[in-house]
Amino acid sequence: MYFLLLFLALVVGVPPINHTDAFGPSFQQRYAAEHYTYQRKGPIFIQIVTGNAQEETGKSVITEYAHKMKGIAVGLEHRYFDGSHPMSGKEDAKHFTMDHLTLDNVLADAVNLVREIRTTIPGAGFSPVIAYGAGYSGFLALALRQNYPGIFLGAVAMAAPTRSLTLNPDPGDAEQFLYRDAVARLLIRRDPEAAQNIGKTFDFLEGQFRLARQDPMERLQTKLNLCTRPLFNDTSHLEALREFYANAIIEQTLTSYYQSESTISVPKMNEMANAASFEHYGENVLDIYGGFLQWVGKTWLRRHERMCVDWGNKSTTSPLENMFDPMSYVRCTYFPLCLANAKPGGLFPARTDGCLEMRQKCQDMFHGKAVQLHKDDILEQYKLSPAHLANSSRILFAVDRSDPMTALVGADPPSIARWNSCNVSRRVEFDFVGRIDAPGSYIGLTHADMQKWRTGEITVMQHWLNLCDKPELIFSSDARRKPLLLLSQTRLASMATSQPRVRVAIEGCGHGTLNAIYNATKQSAEARGWDGVDLVIICGDFQAARNVADLHTMSVPRKYLQMGDFADYYAGRREAPYLTIFIGGNHEASSYLSELHYGGWVAKNIYYMGAANVLRFGPLRIAGLSGIWKSHDYRTPHHERLPYNWEDVKSVYHVREIDVRKMLLLRTQVDVGLSHDWPRSIEKYGNTEELFAKKPDFRRESAEGKLGNLGAQYIMDRLRPYYWFSAHLHVKFAAIRRYDKGEGEPEEPILTDVTAIPKPVTKPREGNPDEIDLDMDDCEEGGVSLGDQATTVDKPADPVPQVLREQLPASFTKRPASSNPISAQQIPGKRVPPGITNKTVRFLSLDKCEPKRHYLQLCEIEAHQVPDTMTERPWRLEYDAEWLSICRYFHGNGQGSEPASEDLGEDTYQSHLKAERNWVDTNVVLRGGLAVPYNFETTAQPQGVEPVQLAAELNLVRPHEYINPQTTAFCQLLQLENFWHAEKEQRDEIQRQGPSTKMRRWWDLGPRPRIDPMTPNENTRLALLGANRAGGREPVHLVD
């Protein structure tokens, strides 16, 4: 229903109380809409206000903008403010809650309002929307533009305090919270004499308490209209009074600094600061400084509608009243500004504990229900960090240098003389510092100043409207009650937004069949009416063999070895028709992939993700873990180095704890997760009976909880991507895992009694007799048992008698597999940070590329948190800033012969990772270094085009170690030492020595130390090695 008042309509909408449940309870939320001069397709200006919608919109500049630009001005009443309460009433305190006062819901209210406007006002279905706000409202305008770029064409944010969150790393770091000093500097600029007198006012208060008598306290109560009388012998009362008046003065400075008649630094202070001597305490001084405090108090009372000044005595405010203070709740949760501290010797009393006190006050006020979110989580989740804002587009940062809020404004875009791009943001800056035309006469912002400011803003917005692409959206009336999901969930599908969808082809095991994979992708895309795909993802067993020598490092029996298609792509004889990324599996040319520990191009347009990685492809954020699970190697370092011995060939592709640990330190949402083998126990969330009918051997391992990759399970449970793709088990299988129990993990499905499952009867294998077995490793915990048919790579028979082997030191004995290397109490990554919000993971595993197998899946993946610079094709790969900071901190950890360092816990790492993130933002992000460079070049000699005689050539060549320029460039980007670099002479010497018999550091570049002839059991060891060589095999590597 519309109530027309001076052409400003007050409207009541009915959004859901919780936008994750669109069909749940709703509430009445008011907004004011002014569209008297509106013309079809004119812009919609929307502002979220924290007061009465009609009054605040009538005073807002957006009404002026709407008149001049033939648009609509809309003021949305912030939920829980004024007349827009989701809860039924304050009178029932037992049922009143602010649980639904979240930033997600606040932003979704605005998006819901856009839908409302476009379906109720004729012609508005195609109107572009611009968000506007100042202060906290400006913060919300930024968040709307950054998180819903397909809905909000742009945002105008006046003094939006994002930097204050950036300066909030730790409540105990007092040096980070000096906002009051910024206010003091502004006051000094306006009127030095008045500023000096403000400082003396606080000295005056302290002097009244030092008199140590009760009568000065009585006079203070009367003069200042205090609700209760302070006690001179209670220092907490002095602190409370000083804190109250400091906040009151700052509040006036913020709210009316441009209105000369009510500004703190106007003649009011100087009028009272007459010739009286400050050193003589008495009635005269009480009149001077007490009079000023009285004026401050009266101004505060008018704004807060109080009868007396409740200066901090807890008896003046009931706990019930605190519970209904929405702005305090906002500041105690997702808008944690700390403005309480100041250095000694300034205008305001020195404080070092104000921020800790603020946190404790939040706990007390809301009985522990208001949990302050970490600033990193807020800035990353809602894309408001300096890096995000510096790379933003169509945001106008409006700043006045004489406004103390300027000290809080973040992400200053560079000054651009000719601003003619739709893909950047702009900073419009003025400096209306107090101009004194006569002693004691302060001039604030004039009408001409404000008009100049507004003209500048209008010019920028008209540029957006005239030159920038606008989402041509219209909402049909039947869509008004369809689910409106939050940022953390599938975005506004019913609203047909312009959120990009990435066309992806998912391939299971590659097995060297690139030509067939690309042909199948092309045919499938044509069948869908697509002109191609944006990205191909191969989930392992890629087999990037450059030449015959690389086959020596592939864990495949010789009878199955083949060159495959990759050599042609590496040599440049073919080029991948689609950008392709892949992770490593257990059948890989490890000699090549080991050159690219952090990832890199293996051929033109084909990118290996490395041992573990997080990349961005356009709007998608993709996390990948290479290798398969073997518990006995999980805690070993990446020690393998060419030339490999037999066990190196196998252990090199086993998942390491250090890579999983790095993944578990991510604190923000990813879209896609990749692993070669399945996350442990994921089969329990799909159709297990159908799976076991196809693969009966899996039933027992599933019942025992041993099917799959435990490290991948940790990562899935922590990162909770929207999609997870795997391969390895040569079967197509889908599952959906939901996390619906909040902080805790979901309840696992009930395990079947293992003893009730008979061992499978082994039948002759059907199908392709040359098919590579799923897992060439020894059958053990975590592997995939195939009964008696399981085979391994050509493992040499042991020529050493057991009696001789038993004489070896214990360190030469291979570690047994651990059935449970990590106890339930030690499961890492259990605490899911606020930045990870998805609760439903869709899992898909695919087969390998062979006829009549389900090995390829084409899909459109919708991005959920879209960087605004990545909304339009063509897309390219980019590094992920959060992942780069983790790589910098852990560089070298878990490389070489030394085990990875002990896991110190997420809380310990975060302070270090913050410093690394600041470094990455400054040295990589802001310098435009996130784009993955196209720097592929060959290292090993490519295989020729002539037919390959593997049996003969394998005996003639051995793989060599090469220094890959991409790894060098990556280390240079992060200013890290390149541990994988060695001079050719050093590499030749290591090659000459042959496979190592112990773990060796990658960077152990000198000759291996000789063994002292007097070392006990040396003769036994030499006999062991000699026996192996005599048998024509490489030395067995017994892991210490």
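Which residues of the largest nonpolar core touch the most other members? This is a predicted model, in which local features need pLDDT of at least 70, side-chain atom pairs count only at pLDDT 80 or more, and totals for chains, interfaces and linings use all residues. Residues are numbered from 1 along each chain as its sequence is written, and side-chain values use heavy atoms, with hydrogens and water left out.

The answer is Ile622 and Met663, in a core of 88 residues. A nonpolar core here is a set of buried Ala, Val, Leu, Ile, Met, Phe, Trp, Tyr and Cys residues joined through side-chain atoms within 4.5 Å. Buried means under 20% relative accessible area, exposed over 50%, and partly exposed in between, with a 1.4 Å probe and protein chains only. Leaving aside residues up to four places away in sequence, Ile622 touches Leu535, Ile581, Met609, Asn613, Val614, Leu615, Phe617, Val672 and Leu674. Contact means heavy atoms within 4.5 Å. Another core, of 56 residues, lies apart from this one; Ile46, Val106, Leu144 and Ile395 are among its members. In soluble globular proteins, nonpolar side chains tend to be buried together.

Next, the sheets. Helices (H or I, at least four residues) and strands (E, at least two) are DSSP runs, numbered from the N terminus. Two strands pair if DSSP finds at least two bridges between them. Seven strands make an open sheet in the order 21-22-20-19-18-17-24, and the pairing is mixed. Strand 21 (733-738) and strand 24 are the edges; each has a single partner strand, so one side of each lacks a neighbour in the sheet. From one strand to the next, the twist averages 25°. Angles run from 0 to 180 degrees between N-to-C directions, and axes are lines fitted to C-alpha atoms, for helices over the stretch in contact. Within this sheet, strand 19 (residues 672-675) and strand 20 (residues 723-726) run parallel and are joined by three bridges. Gly673 has Trp724 of strand 20 as its bridge partner.

A further open sheet has six strands, ordered 15-16-14-13-12-23, again with mixed pairing. Its edges are strand 15 (600-603) and strand 23 (856-862), each with a single partner strand, so one side of each is left without a neighbour in the sheet. Here the twist averages 30° from one strand to the next. Strand 12 (residues 501-507) runs antiparallel to strand 23, and seven bridges join them. Leu856 in strand 23 is the bridge partner of Glu507. Helix 18 (residues 514-527) lies across strands 12, 13 (535-538), 14 (580-582), 16 (606-608) and 23, at about 60° to strand 23.

Where does Asp633 sit? It lies in the loop between strand 18 (620-625) and helix 21 (646-651). Asp633 is buried, with a relative accessible area of 3%. Its side chain makes a polar contact with the side chain of His654 at 2.6 Å. A polar contact is a pair of N or O atoms within 3.5 Å; within protein, one must be able to donate a hydrogen and the other to accept it, and residues adjacent in sequence count only if both atoms are side-chain atoms. Asp633 and His654 are 21 residues apart in sequence, yet 6.5 Å apart in space, C-alpha to C-alpha.

Helix 27 (residues 881-890) is mostly covered, with nine of its 10 residues buried. The cover includes strand 17 (612-617), strand 18, helix 22 (657-663), strand 24 (877-879), helix 28 (906-925) and helix 30 (965-973). At the start of helix 27, a side-chain oxygen of Asp880 comes to within 3.2 Å of the backbone nitrogen of Glu882. Gly892 follows helix 27, with a positive phi near 85°.

Six of the six residues of strand 4 (residues 44-49) are buried, so the strand is largely enclosed by the rest of the structure. Ile44, Ile46 and Ile48 point one way, and Phe45, Gln47 and Val49 the other. Strand 4 pairs in the parallel sense with strand 5 (residues 72-77) over six bridges, and Phe45 has Ala73 as its partner there. Four bridges join strand 4 to strand 6 (residues 129-134), also parallel.

Last, a helix pair. The axes of helix 7 (residues 192-210) and helix 8 (residues 214-224) come within 8 Å and cross at roughly 140°.
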